[in-house]
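Visitor: Could you walk me through this structure, one feature at a time? I'd like to know how to read each feature and then see the case at hand.

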Amino acid sequence: MEELIRVSNLVKNFPVQKGIIDLLFSGSGQQYVHAVDDVSFSIGKGEVLGLAGESGSGKSTTGRLLLRLLERTAGSIYYGGKDISTIGQEEMRKFRMKMQVVFQDPDSSLSPRMSVGDAISDPLRIHGLSSGREARETALRLMERVGLTPAEFLYRKYPHQLSGGQTQRVVLARALVTNPEFVVADEPIAMADVSVRAMILELMKELKDEFSLTYLFITHDLATAKYLCDRIAIMYLGRIVEIGSKDEVFRHPHHPYTNALLQAVPVPDPRLRRKDAVPRGEIPSAINPPSGCHFHPRCPFAVDACKVGRPPLREVSPGHFSACILETATPQS
Amino acid sequence: MSTGVGEPILEVKNLFIDYPITIGTVKAVRDVSFTLNKGDVLGLVGESGCGKSTLGLSFLKLLRPPGKVSSGSIEFEGRDIMSMGTEELRLLRGAQIAMVFQNPLTSLDPLLKLRDHFFETLRVHNAYISRSAAEKRAGDVLEQLGIERERLNEYPHQLSGGMRQRIMIGLGLILNPSILIADEPTTSLDVIVEAGFVDLLKSLKEQYEISIILISHNLAMVAEIANRIAVMYGGRLAEIGTAEQIFAEPLHPYTQGLIGCVPNINADQDFLISMPGSPPDLVTPPAGCPFAARCPKVMEKCAVAPPPLREYRPGQQAACWLYE
């Protein structure tokens, strides 16, 4: 498969803001939130890579770094073989046309004072692709396609006049209007109702095939990730702990954290209730993460070696990598 | 309290709840009837705006004005909650029926230590309880929830999200109520923390012999713990039955759609069922079945009158003209 995106050794540290009291009494020594800690992966053309993890795992930051909505601390980002992590804003603009984003909350990603039609056609004007009647026609066609019908009628509406499912469609249409190749979808359905979620997921799947899109699908919901993605990367405290094809990761999870996550996913079937208790504890702070493997304090299989040194991602089966030093830490299903 | 598992403890009959507003009346709950038995974990599921939270609040007579029960009755152990006076309600709330809300950060006072939260709750129901006795009791409850008793000296902001939610449960349980109502208790939690919370609820249910009403939009989470499930749509009960019945043989087309549109990690799904359209406007609800406009099996009759909730299989009731 041809590679579209490659990220190597991506790092993002956020300086911790200090109050006046801290400065007076705790002296110098800037602390950092290690949001993304040396992350590498690639996404093939037409592929859907799921980036899954709990809140604070760094998955959204990774998505934003990729689009350069945030500037990285270190590492490189390649788009179609070209390093876009060092190019200027003007040059980046050309790439922005091909790289779009859909955020979690459609209501806060739409201007309340911009009509639906203007919101969708605005990117065309910004990128100088078309304007006036032509832009309007393009927007209307796309609105029909994503199910915003009757398009002529909805074109003049404002976001507050639409339902939750419709606003999410507006955001999708706006992301697709410049004919992008790559879309970062950051929890696009997390705020939606159950029945709306299914519609948006189905639509995203159809649009992917129709527009030959490549997705980075950021989610905390593994069941959704399994439904939409080809490959999955599991993040924990800024690091990818496991990455591989959907089938491999879900059927033969290697990393104990992946296993814990999978066990914790509720199953919509009372006959298949979870029997084992899940690991206790919560994701620690990314300011002073645990030494060695970040998961070791919560890991039921941890040995002394886990406390020192970052475990490298190693290939446990073809194309399936895990950052766990244990041979078979988890019972295979 | 250990006796009588399976006996009715909360009976709701033909309940209607209205919110009069400037442009009309929001008909939030329409003709809801069901019985909660001792030892039940009832999952009350539905999408936003279906009336599930309003219904939960009414069990404690906590509806915020102008919201009011316009007809019907709610009986707790045979006593009508709607006709209770202030003093009776004070004794009911917390001690008999406790409620745990969605967002612990807005329910806990940021300026009070946890010990004070517990002390206050205990003192409202027992004016003579000493601080030391209250703290002993609070510490015991915390330990059951997997939190060290030393943390009673901390403030809410010092706890993690999962711990705050467990504190909320602790505050709910400290007076030993017979019913615990939890409104979207896991919405703000991560999946592993949520699973831990579900485990906790299961063990508490055994220890406290408590009946639980779990209000949630998360069908999969409810499937992990509820023995009975009530599905609400547009202010009405669409279906109620055992968890197995609801998931394996749902009767109502809305329940069928709802289950078909949830991604299941154990299944290889090629597609999810889509339910086009959106829930009805409850100011001017349709005359017939609220789901008629979105229903794939809609008939002429459905637009005329709302179908009654009837038992079509033992223990399973549905409100649908298909089965009449």
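**Reading the model**

Guide: Let's start where the chains meet: the contact takes 36 residues from chain A and 38 residues from chain B. Two residues are in contact if their C-beta atoms, placed from the backbone, lie within 7 Å. Bear in mind that this is a predicted model: local features need pLDDT of at least 70, side-chain atom pairs count only at pLDDT 80 or more, and totals for chains, interfaces and linings use all residues. Residues are numbered from 1 along each chain as its sequence is written, while chains are lettered from A and ligands numbered from 1 in the order in which they are written.

Visitor: Which helices of chain A each supply at least two residues of the side that touches chain B?

Guide: Those are helix H9 (194-210), helix H10 (222-228) and helix H12 (256-264) of chain A. H9(A) has the largest share of that side, 7 residues. As for the labels, helices (H or I, at least four residues) and strands (E, at least two) are DSSP runs, numbered from the N terminus.

Visitor: And what is the make-up of the side of chain A that touches chain B, by class?

Guide: That side of chain A has 19 nonpolar, 6 polar and 11 charged residues. The classes work like this: Ala, Val, Leu, Ile, Met, Phe, Trp, Tyr, Cys and Pro count as nonpolar, Asp, Glu, Lys and Arg as charged, and the others, Gly among them, as polar.

Visitor: Let's go inside chain B. Into which domains is chain B divided?

Guide: Domain bounds come from an automatic or database domain assignment. Here that gives domain 1 (8-96 + 177-323) and domain 2 (106-176) of chain B, and the C-alpha centres of these two domains lie 29 Å apart. Where they touch, 13 residues of domain 1 of chain B are in contact with 11 residues of domain 2 of chain B. Helix H7 (residues 191-208) of chain B gives the most to the domain 1 side, with 6 residues. By class, that side of domain 1 of chain B has 10 nonpolar, 3 polar and no charged residues.

Visitor: How do I read a pair of packed helices?

Guide: Two packed helices are described by the angle between their axes and the distance between the axes. Take helix H5 (residues 116-126) and helix H8 (residues 164-176) of chain A: they pack at an angle of about 25°, with their axes 7 Å apart. Axes are lines fitted to C-alpha atoms, for helices over the stretch in contact, and angles run from 0 to 180 degrees between N-to-C directions. H5(A) and H8(A) are therefore roughly parallel to each other (angles under 35 degrees count as roughly parallel, over 145 as roughly antiparallel, 65 to 115 as roughly perpendicular and the rest as oblique).

Visitor: Which residues make that contact between H5(A) and H8(A)?

Guide: From H5(A) come A:Val116, A:Ala119, A:Ile120 and A:Pro123, and from H8(A) come A:Val170, A:Ala173 and A:Arg174. Sorted by class, that's 6 nonpolar, no polar and 1 charged.

Visitor: Now single residues. Is B:Ile212 buried or exposed?

Guide: Count neighbours: a residue is buried if 20 or more other C-beta atoms lie within 10 Å of its own, exposed if 12 or fewer, and partly exposed in between, with C-beta atoms placed from the backbone. B:Ile212 has 23 C-beta neighbours inside 10 Å, so it counts as buried. B:Ile212 lies in strand E8 (residues 211-216) of chain B. Leaving aside neighbours within four places in sequence, B:Ile212 is in contact with B:Val41, B:Leu180, B:Ala182, B:Leu201 and B:Lys205.

Visitor: What about A:Asn9, buried or exposed?

Guide: A:Asn9 counts as exposed because it has 12 C-beta neighbours inside 10 Å. A:Asn9 sits in strand E1 (residues 3-15) of chain A, and beyond four places in sequence its contacts are A:Asp38, A:Ser40, A:Ala74 and A:Gly75.

Visitor: Last topic, the backbone. Where is the peptide bond from A:Thr149 cis?

Guide: That bond runs to A:Pro150, with omega near -5°, and A:Pro150 is in the loop between helix H6 (132-145) and helix H7 (151-155) of chain A. In chain B, a cis peptide bond joins B:Pro65 and B:Pro66, with omega about 5°. Check phi too: A:Arg68 is not a glycine, yet its phi is positive, about 60°.
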